[in-house]
Amino acid sequence: MIDNGILRVISRFLIPFILLVGLYIQFHGEYSPGGGFQAGVVFAAGWILYVLIYGLERGLNVISLNAMYVLSAVGVLLYAFTGLAGVLLGGKYLDFTPFSANPHTAQQTGIIIVEFGVGLTVATVAMLLFTMFARRRGEWLEALEEEDEGSE
Amino acid sequence: MTLLEFMPFIVLIPLIASGIVALLPGRNLPWLVTLLAATASAVIAAVVLPAAISEPALSYPFGNWPPPFGIEYRVDAANAFVALLVSGMAAITLLWAPKSVASEIHGRLGTFYALFLLALAGLLGITLTGDAFNVFVFLEISSLATYTLIAYGKDRRALLAAFRYLIMGTVGATFLLIGIAFLYMVTGTLNMADLAERLPELRDNNAVRAALAFIIVGMGLKLALLPLHLWLPNAYAYAPNFVTVFLAGTATKVALYVMLRFIFTVFSPDYSFVVLPLSTVLMVLAVAGMFAGSWVAMFQIHLKRMLAYSSIAQVGYMVLGVSLATATGLTAAFLHLFNHALIKTALFMAIGCVMYRTGSAKLDDLRGLGRQMPWTLTAFALAGLSIIGVPTTAGFISKWYLVLASIEAGAWWLVVLVLITSLMAVYYIWRVIEAAWFSERPAGAAPVPEAPLALLVPTWLVVALNFYFGLDTRLTVGASMAAADALLGSGAGLP
């Protein structure tokens with residue numbers, strides 16, 4: 001859809017804002033509605049819009065399939081090990097109080113790290129899901145072309 | 001610090017390990033880490049069980065948020081027993097896994113084992129949590145992972161089976177969620193212990209009644225109780241053998257546990273068995289399941305499907321024990337929950353060994369195989385004795401208690417029904433033995449070597465456990481009685 005000028009210009013204008021809103025929901029999540037899940041989906045939506053306009057190949061130049069796969073696991077591990085840190089510092093699992101003397105700072109630190117893990121996993125998994133379907137379409141089109149060439 | 005304080009790590013170890021395993025390269029390393037994680041869970045569960053039996057209930061507040069505000073894990077004899085079963089069966093089936101998985105799944109195995117660990121963590125999470133909504137979350141974790149695991153099957157029909165299970169499983173989970181939402185709406189709490197305290201005041205509330213009905217139907221679907229069992233045969237038949245072996249011993253058992261937890265702890269038996277005609281409904285469905293499952297199993301030519309239908313019949317036995325609503329009946333249900341896991345795992349392992357060598361689970365392809373794979377088919381026959389309920393096997397113990405419970409409840413006719421369905425089990429097991437030993441190998445069939453030791457040793461281990469728990473019943477009967485007591489609130493009045 002790169003040939004369509006309106007789509008190209010508008011999406012160029014919109015994508016940075018979509019990513020920014022995603023990050024805002026991510027890092028303001030402890031005060032306002034939102035959090036890692038919503039932020040991840042919005043952020044991934046920005047990338048998906050980019051792919052819709054510029055094609056999957058250029059989208060995968062931004063973030064490769066392997067990177068998505070690894071980051072989706074890293075997000076989960078970030079969550080899990082933050083929880084584990086609570087145990088190692090003498091509290092319960094996912095207990096953030098030992099992180100700092102100030103309980104407010106402690107809870108905030110903990111929840112931001114944990115939610116960042118959630119956001120990372122959700123964003124990359126959403127991209128992965130999209131890529132899986134988009135690739136199938138690519139393969140299908142290729143197969144159609146080969147058939148056409150074969151019949152001619 | 002004792003191991004007891006690490007109770008939530010029964011769930012957390014597989015959950016954390018799944019993230020790590022997903023990143024591991026190759027085929028052996030992911031398996032090894034998975035095995036270590038499952039074993040660690042099983043060890044902690046084994047430490048927790050005696051403590052949970054002797055002490056009132058262990059509680060672990062997540063993030064140090066006190067319940068009922070935070071999520072708590074609450075462990076008594078009932079869920080410690082199920083957790084030990086699930087984590088122990090996971091560790092044993094993993095020993096069996098490598099050869100079988102190697103013959104069915106190609107490429108790197110990090111993702112496969114990560115999914116397996118997620119399914120395991122989900123099942124254990126359902127078991128240990130004391131929070132109703134948390135049950136739903138873990139149910140979805142384990143279900144989604146299970147659908148994918150089933151779709152790994154070599155047969156293309158595995159995809160359809162997985163999709164069908166996905167639709168049915170999602171309907172079941174949605175019903176559970178609706179039920180929990182109704183409870184939250186009227187009580188304002190999700191903690192199970194807190195719910196149990198608040199519900200008695202709301203006896204006449206229709207939303208509470210609807211909640212109970214929704215939860216029972218939802219879990220009935222996951223449990224494969226008779227009219228809701230349609231997803232099970234194909235899912236078991238076409239999944240990779242390792243996945244079938246694991247699911248047969250764990251998934252439906254955990255669903256039964258959730259159903260019991262809601263019926264007995266959250267709603268209390270003098271509500272659930274009085275407000276709804278639950279006893280009658282469950283008894284009719286259980287008996288129908290016992291007969292229909294056994295009947296269909298008698299005519300299956302695909303052995304994995306035959307065992308799957310037999311599983312539906314065995315679920316009937318467990319639910320029959322529940323429907324009696326007595327301490328002995330519940331003990332029988334828990335005993336069969338444990339023993340059936342051992343029996344079905346052994347049977348599916350033996351069929352998995354046959355499939356490893358011949359690539360087929362058709363009854364016809366089994367003809368004359370008894371002489372060529374004697375160890376495998378002897379294991380099948382011995383596990384078959386256990387499912388029939390021959391004395392000295394684990395299957396006998398659970399049927400014995402079921403019969404005791406029926407007599408105690410004055411329902412003599414149930415004894416007759418249990419006996420008839422046991423005879424039906426004799427028939428469908430005998431068909432396999434007859435084909436394997438008493439018919440000739442078809443002319444021109446290539447000779448088949450015995451299954452490799454890596455598959456035989458774990459299979460025989462589970463067969464040996466069947467006989468061990470048929471002779472030494474201290475652990476199983478003791479824990480089942482404690483579990484029944486925990487659910488009934490020790491000496492609580494029954495209808």
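Of the 495 residues in chain B, 60% are buried, where buried means 20 or more other C-beta atoms within 10 Å of the residue's own, exposed means 12 or fewer, partly exposed is anything in between, and C-beta atoms are placed from the backbone. The model is a predicted one, so local features need pLDDT of at least 70 and side-chain atom pairs count only at pLDDT 80 or more, while totals for chains, interfaces and linings use all residues. Residues are numbered from 1 along each chain as its sequence is written, with chains lettered from A and ligands numbered from 1 in the order in which they are written.

Chain B holds 19 helices and two strands; these are DSSP runs numbered from the N terminus, H or I over at least four residues for helices and E over at least two for strands. Along the principal axes, the C-alpha atoms fill a box of roughly 75 × 55 × 40 Å. Among contacts in chain B with a separation of 6 or more, 80% link residues 24 or more positions apart, a contact being two C-beta atoms, placed from the backbone, within 7 Å.

Helix 17 (residues 412-438) of chain B runs for 27 residues and reaches 37 Å from first C-alpha to last, close to the expected 39 Å, that is, 1.5 Å times one less than its number of residues. Its buried residues include B:L414, B:V418, B:M424, B:Y428 and B:V432. The buried set packs against helix 12 (278-298), helix 13 (303-323), helix 15 (374-388) and helix 16 (394-408) of chain B.

Between helix 13 and helix 14 (327-358) of chain B sits B:A325, with a positive phi of about 55 degrees despite not being a glycine. B:A325 is buried, with 23 other C-beta atoms within 10 Å. B:T392, in the loop between helix 15 and helix 16 of chain B, also is not a glycine and has a positive phi of about 75 degrees, but B:T392 is exposed, with 12 other C-beta atoms within 10 Å. The peptide bond from B:P67 to B:P68 is cis, with omega near 5 degrees.

As for the partner chain, the contact takes 13 residues from chain B and 11 residues from chain A. On the chain B side, helix 1 gives the most, with seven residues.
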